[in-house]
Amino acid sequence: MTSTLPNDNIKNFDDQITNKLISEIIRDRIKNAGIRFSANDNIADFINHGELEILEKEVASRVKDLLKSLVIDVENDHNTQETAERVSKMYLNEVFKGRYHEQPKVTSFPNDKNLDEIYTVGPISVRSACSHHLVPILGECWIGIKPGNKVIGLSKFARVADWVFSRPHIQEEAVMILADEIEKLCEPKGLGIIVKAQHYCMKWRGVKEPNTSMINSIVRGDFRHDLSLKQEFFELVKQQSATNNY
Ligand SMILES: [Zn+2]
């Protein structure tokens, strides 16, 4: 497809022959690999070094078009002159960085002491956006672990949660994706996750309910099979929530 955008910077210079936009080149790579690229999928493996900067220019150009379609005078309104660039940067490197950037490095260690008591980490702040309206989902998350053969540092749970949630999501799927990533990293015998979040598509628009939150949880492994372990997990989280006044 030929570019209709005026700025040559938004094209990949290695691909001038096909004259494709960088987003099209990345999309073709993903399609050729037969991989899904929904809003809450990470696509970092398909973005080569230096291409994110080109994508940033393409997205900024599209955001500028959006502002123009909203009949905002981006040429003369000093408040919105740089908005397109800011929004593009914010999407690719901050609020949706979990799509475009690789997972933060997490080193796991062997569980030498054979720890098998459960522990919980939380509350961990989670920031996301709903896939339907691209407005914020803000909340907290608790993770419970019954260790298996590998352990990871406590702060790593927050880093991985931040990476997973920094994508457009629906809350139910975000929790499942986070559970999958934690299972990959430390192969726990049991895993439980609870997320409590407020959705700005309910607060800011739509029904405009300012105080409604959504809580959902997932339990896997021993937490699923052993009822007393599951109860212990929820009890520990309740204590953490009370201590933190949430
Ligand atoms: Zn929404």
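Predicted model: local features only at pLDDT ≥ 70, side-chain atom pairs only at ≥ 80, totals over all residues.
Helix H2 (51–69) is part of what covers the buried residues of helix H1. Helix H1 spans residues 22–32, and its buried residues include Ile22, Ile25 and Ile26. Why do they sit on the same side of H1? They cover an arc of only 95° around the axis, so they share one side of H1. A general rule of helices fits here. An α-helix has 3.6 residues a turn, so residues three or four places apart point the same way. Just after H1 comes Gly34, which takes a positive phi of about 70°.

Now step back to the whole chain. The domain assignment gives two parts: domain 1 covers 8–100, and domain 2 covers 108–243. Their C-alpha centres lie 30 Å apart. The two domains do touch. Domain 1 puts seven residues into the contact, and domain 2 puts in 12 residues. On the domain 1 side, helix H4 (residues 97–100) supplies the largest share, three residues.

Next, look inside. The largest nonpolar core has 30 residues. Within this core, Cys141, Ala161 and Ile193 touch the most other members. Several elements give two or more residues each. The strands among them are E2 (119–130), E3 (136–146) and E6 (190–199). The helices are H5 (154–165), H6 (171–186) and H9 (227–243). Which element gives the most? Helix H5 does, with six residues.

Leaving aside its neighbours within four places in sequence, Ala161 is in contact with Ile124, Val126, Cys141 and Leu178. Cys141 is itself one of the residues that touch the most other core members.

Finally, how far does the predictor trust the model? The protein chain averages a pLDDT of 91. A score of at least 70 is reached by 91% of the residues. The start of the chain needs care in reading. Over residues 1–8 the pLDDT is below 50. Beyond near neighbours in sequence, this stretch has 10 contacts in the model.

Notes:
Residues numbered from 1 in each chain as written. Domains from an automatic or database assignment. Helix = DSSP H or I, 4+ residues; strand = E, 2+ residues; numbered from the N terminus. pLDDT = per-residue confidence, 0-100. Buried ≥ 20, exposed ≤ 12 C-beta atoms within 10 Å, placed from the backbone. Arc of directions from axis to C-beta. Core = buried A, V, L, I, M, F, W, Y, C linked by C-beta atoms within 7 Å.
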